[in-house]
Amino acid sequence: MRTISQSRDLLAALLVLSFGCSGCLFLVAAADTGPGPPAALAAGQAPPLPQPGPLAAPRSKEQVGFPAALTASVIPPGSPLTPAAVALGEKLFFESRLSGNGTVACATCHDPARAFTDNRPLSIGIHGRVGQRNAPTILNALYNETQFWDGRVHTLEQQAALPITNPLEMGSASLGDAVSKIAGDKEYQAQFKEAYGGGVNAEDMLRAIATYERTLASFDSPFDHFVAGDAAAISDSAKRGWDLFNTKAQCNRCHALTEEKRDTTVFTDNDFHNIGIGILRHRVVPLAQQAERELAQGDLQAIDTAAITSDQSVLGRFLVTKKPSNIAAFKTPDLRNVLVTGPYFHDGSQETLWDVVDHYNKGDGLQNPWLDEDIQPLALTEPEIDDVVAFLASLTSPQYKALGDQEYARQLARSKVSRPQRDTARAFGPKPVQPKPPPF
Ligand code: HEC
Ligand code: HEC
């Protein structure tokens with residue numbers, strides 16, 4: 001019998017193969033559920049379409065740790081979470097007719113069975129086209145002050161419009177074109193009428209999708225139970241990890257709303273930082289000069305296309321602000337459910353949480369003049385790294401407990417044979433001297 005990690009390696013090899021020969025016609029047959037990345041696809045094929053089910057259902061307000069006041073504050077007064085609007089939004093979220101050829105829906109890349117991600121390093125959309133970025137989870141996206149890795153929009157309504165027309169994602173010719181595909185459907189006509197009192201139209205379509213997304217608040221994790229007073233809810237290792245998170249490992253400098261007080265809600269400062277991801281693989285200055293020439297400030301459609309379809313993706317927040325200090329800066333993501341939303345970072349470049357912590361531990365500073373000042377060698381020992389990972393794993397909501405247990409075992413097994421980011425000498429060494437930003 002093959003072990004899990006052997007069949008993973010086989011899958012990885014097949015992945016390389018199938019990407020390496022674009023004319024190949026073979027299909028890799030493999031179960032498309034469970035932990036780790038889904039099956040590779042034949043060239044030109046869009047990923048399979050997930051179906052709605054219990055995991056897609058709105059989450060309860062009774063969850064332990066549910067931030068009632070914060071949640072109320074992020075729901076626009078004009079778009080209450082009425083049952084009719086939520087049901088319409090959920091249906092639209094799974095609607096492949098909104099794509100150019102009827103094959104791709106939001107759920108394709110935000111699959112409820114995969115904690116509303118696709119678990120692929122980079123998302124794959126219409127005609128099997130591979131984008132430049134990793135799909136973040138929709139769980140708790142309602143709390144994000146900005147959406148996308150570069151924060152190019154503020155609201156979930158603005159966000160939902162972009163993938164529908166992005167040529168690599170859903171590839172509709174226009175928003176109006178997408179609406180026209182469902183406008184004649186009697187069921188939609190009735191649902192739009194019930195939810196908003198009018199006909200099928202783009203504005204209410206985006207509003208309904210956003211409203212559905214605002215029902216996906218995800219708490220009730222072992223960590224929430226621990227914070228609520230159940231000392232036995234998380235392991236001693238996870239408790240040590242939570243301490244390290246706020247002290248020696250300095251994660252709270254970015255993954256907390258405030259640095260003064262231990263923050264247990266959404267694990268992000270809603271800000272943007274260059275933490276050294278992907279930058280070494282690209283010649284950043286020429287790319288930034290090109291983006292300055294080509295992208296008009298505020299041209300959302302052009303920024304969206306550049307971010308998903310071009311090398312300029314690595315420029316991150318710079319695409320939006322054109323500030324050199326924002327080169328390769330990305331949004332600090334929420335860390336809830338992070339165990340089941342891998343692979344990690346905006347480019348999906350790290351496979352396990354051990355790889356993520358190894359990255360921070362060595363303080364990747366070499367050749368990166370824009371690196372955030374809070375990135376530095378941390379001198380975490382191996383048991384301390386395990387503790388931080390155990391804490392991150394304790395942020396998994398109960399819907400994903402079984403998947404999380406399997407994924408933890410998979411990552412642990414992987415980490416025993418492969419730690420590509422581990423560099424103990426650098427982790428215990430001084431912070432490398434940072435080069436000055438080149439003239440620009
Ligand atoms: C082909 C895959 C794909 C499809 C289809 C897709 N998305 Fe995404 N989604 C992504 C990727 C990749 C990102 C990150 C892109 C970026 O940051 O530039 C993203 C980002 C998001 C975000 C921002 C989350 C955050 O934390 O910043 C939301 C919300 C979202 N998508 C919702 C949707 C909705 C709603 C739809 C359908 C209208 C949709 N997506 C369709 C792949 C996809
Ligand atoms: C200087 C700010 C900063 C610090 C300090 C920091 N992070 Fe992050 N974190 C970020 C940003 C920004 C990203 C996204 C970067 C990217 O994708 O390019 C990120 C991404 C992550 C991710 C990937 C999440 C995902 O959905 O892909 C994890 C996990 C993570 N951080 C955990 C930690 C841990 C654990 C620590 C402490 C050891 C830490 N971070 C310290 C800013 C920070």
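## Terms and model

Helices (H or I, at least four residues) and strands (E, at least two) are DSSP runs, numbered from the N terminus. This is a predicted model.

## Domains

The protein chain splits into three parts: domain 1 (4-213), domain 2 (222-275 + 331-427) and domain 3 (279-321). Between the C-alpha centres of domain 2 and domain 3 the distance is 28 Å.

## Around ligand 2

The shell of ligand 2 holds 25 residues. C251, C254, I277, F345 and H346 are the closest. Sorted by class, 16 residues of this shell are nonpolar, 6 are polar and 3 are charged.

Helix 14 (residues 353-362) gives the largest share of the shell, 3 residues.

## Backbone exceptions

Most residues other than glycine have a negative phi, and most peptide bonds are trans.

The peptide bond between G342 and P343 is cis, with omega about -10°. P343 sits in the loop that runs between strand 2 (330-331) and helix 14.

Q250 is not a glycine, yet its phi is positive, about 60°. This residue lies in the loop between helix 10 (236-246) and strand 1 (272-273). Phi of A328 is also positive, near 60°. A328 belongs to the loop between helix 13 (318-321) and strand 2.

Q250 has 18 other C-beta atoms within 10 Å, so it counts as partly exposed. A328 has 25 C-beta neighbours inside 10 Å. The cut-off for buried is 20 or more, so A328 is buried.

Note on methods: Residues numbered from 1 in each chain as written. Chains lettered and ligands numbered in written order. Predicted model: local features only at pLDDT ≥ 70, side-chain atom pairs only at ≥ 80, totals over all residues. Domains from an automatic or database assignment. Near = placed C-beta within 6 Å. Nonpolar A, V, L, I, M, F, W, Y, C, P; charged D, E, K, R; others polar. Buried ≥ 20, exposed ≤ 12 C-beta atoms within 10 Å, placed from the backbone.
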